[in-house]
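Work through these exercises with the structure open beside you. Try each task before you read its solution.

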Amino acid sequence: MQDGSMSMDQSGPVTDWSTDAIVERREAFYAASQRAFVPYKTPLIFRKGVGQYLWDETGAKYIDLLGMNVCISVGHAHPRVNAAARAQADELPHCTTMFFHPVPAHFCEELAATMPTGHDWVVHLTNSGAEAVDLALLMARSHTRNTDVIALQTGYHGATFGAQSVTGISGFRHNVVQLPGVAFAPEPNQYRGQFGAGVQPYLDALDTTIHRETCGALAGMIIEPVQGYGGIVPMPQGYIKGAAERVRAAGGLLIIDEVQSGFGRTGDAFWAFEDHDVVPDIVVMAKGIGNGYPLGAVVVKRAIAEAMDGKFLFHTYGANPMSCAAGRAVLDVMKEEKLQDNARDVGGELLQRLRKLQQKHDIIGDVRGKGLMLAIELVKDRATREPATDETARVFDETRAQGLVVSKSGPHRSVLRLVPPLCLSMADLDQVEAGFDAALAKA
Ligand SMILES: Cc1ncc(COP(=O)(O)O)c(C=O)c1O
């Protein structure tokens, strides 16, 4: 380190940490395709993270309620995870999947062990969630020999062509012909879904989608048990089970996307689908399983994966041993530090405190979620539930001034999404509550 703004390791190139230079360099060299993914008018630059805390380049400290978009599960820079990755990097940073290596194989065994017992689970590792979604769709289509897939409106599944085709939010769909063979059903959003609260109307609408918008023979349906970018929309009890019955009756498979909701985040279960009395056929996971190291996976019943036997399909870094070593350590830390229990307890307390704020601030229309996957939805009027998009932007900007990192989500950008590292503690909640209280007052 030369001074506060320049750093150079002995052998590497110089990094300029001065704020203006970072902004200028990014504007000069980042493609326009990345411009919309910037939440604040004044850029936020992070330099350091430990546990549930982040520090910007000026040294200001924040409580991280976003976890780098749900990637940080056990805490920033967890020493055990970093040590595992570092040890593997020192020995062999990469080993292509065509050669055998024990670390990814152990990791696959350990991931399979997190699934419901009594089924024969196998694993295909990928680099990212979207790749895992693409693969899940391919597996479902290969196994069933059907094409049509159902997805939910306001679902998000990733940016690749396949994942984008099952994403039901216009802001994430680009102005190109999307892949065919996808029909959308209304999401059973209990606060602002088109049929209001209840499950049966949404299952009836799914029947209609199957009968009117598909050929009647399905490859599958993809569901997030708690929609993430859709604005933290938990599937109501009975919906996933009812949907699975209908989809299976049409020859299709149940694909569950746990990229945001999984890995102990919802507190009561390791995988959010476990609360819904269903066993999926395919489970897609990424983000928190690597705690910041790039890692995704499809966990699938063996008989389904067998349909792809004999065809080449690989992801170059899919079974990268360094990421897998990190993934194994993350699984250990989750258990040792009882982070699923922590998500349940701290998340439960935070939910109560947010409900208290709802009584004080009329702009809060709904507070919802489970464990450490929570949302505050802002409305202009509690009776009409008109989304308070501009007000949400103001509150969001103010949360930063209060030392909180959150995100705006939902199709109207009117939901504050809270998905912190699972090590958020009870001691952090006073600052979180006071920060939201002050920010909401500026709505
Ligand atoms: C629910 C869900 N599925 C899939 C993806 C795609 O994952 P990735 O961005 O790693 O490709 C995301 C990413 O945000 C997601 O939230």
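This is a predicted model: local features need pLDDT of at least 70, side-chain atom pairs count only at pLDDT 80 or more; totals for chains, interfaces and linings use all residues.

**Exercise 1. A loop residue**

Solution. 
Step 1. Lysine 41 lies in the loop between α1 (19-29) and β3.
Step 2. The cut-off for an exposed residue is 12 or fewer.
Step 3. Aspartate 397 is 356 residues away along the chain, yet the two C-alpha atoms are separated by 8.6 Å.

**Exercise 2. A strand with two faces**

Take strand β13, residues 282-285. Sort its side chains by direction, then name its partner strands.

Solution. 
Step 1. Ile282 and Val284 point one way. Val283 and Met285 point the other way. All four are buried.
Step 2. On to the partners. Strand β12 (residues 253-257) runs parallel to β13, joined by 3 bridges. Here isoleucine 256 faces valine 283.
Step 3. Strand β14 (residues 296-301) pairs with β13 in the antiparallel sense, over 4 bridges. Here valine 284 has valine 298 as its bridge partner.
Step 4. Recall the general rule: strands of a sheet pair through backbone hydrogen bonds, either parallel or antiparallel.

**Exercise 3. An antiparallel sheet and its helix**

Give the strand order of the sheet that contains β15 and β16. Which helix packs on this sheet?

Solution. 
Step 1. The order is β15-β16-β19-β18, in an open antiparallel sheet of 4 strands.
Step 2. β15 (364-370) and β18 (407-409) are the edge strands, and each pairs on one side only.
Step 3. On average, neighbouring strands are turned by 25° against each other, direction ignored.
Step 4. β15 pairs with strand β16 (residues 373-378) over 6 bridges. Valine 367 stands opposite isoleucine 376 there.
Step 5. The helix is α11, residues 339-360. α11 touches β15 and β16, and its direction makes about 175° with that of β15.

**Exercise 4. Two helices in contact**

Describe how α4 and α10 pack.

Solution. 
Step 1. Helix α4 (residues 102-112) meets helix α10 (residues 321-336) at about 35°, with axes 8 Å apart.
Step 2. Their crossing is left-handed.
Step 3. Contact residues of α4 include Val103, Pro104 and Phe107, while those of α10 include Cys324, Ala325 and Leu331.
Step 4. By class, the contact has 7 nonpolar, 2 polar and 2 charged residues.

**Exercise 5. Around the ligand**

How many residues surround the ligand? Which helix gives the largest share?

Solution. 
Step 1. The shell has 15 residues. The closest are Ser128, Gly129, Ala130, Gly158 and Val259.
Step 2. Helix α5 (residues 129-144) gives the largest share, 3 residues.
Step 3. The shell divides into 6 nonpolar, 7 polar and 2 charged residues.

Notes. Residues are numbered from 1 along each chain as its sequence is written. A residue is near a molecule or strand if its C-beta atom, placed from the backbone, lies within 6 Å of it. Ala, Val, Leu, Ile, Met, Phe, Trp, Tyr, Cys and Pro count as nonpolar, Asp, Glu, Lys and Arg as charged, and the others, Gly among them, as polar. Axes are lines fitted to C-alpha atoms, for helices over the stretch in contact, and angles run from 0 to 180 degrees between N-to-C directions. A crossing is left-handed if the near helix is turned anticlockwise from the far one by less than a right angle, and right-handed if clockwise. Two residues are in contact if their C-beta atoms, placed from the backbone, lie within 7 Å. A residue is buried if 20 or more other C-beta atoms lie within 10 Å of its own, exposed if 12 or fewer, and partly exposed in between; C-beta atoms are placed from the backbone. Two strands pair if DSSP finds at least two bridges between them.
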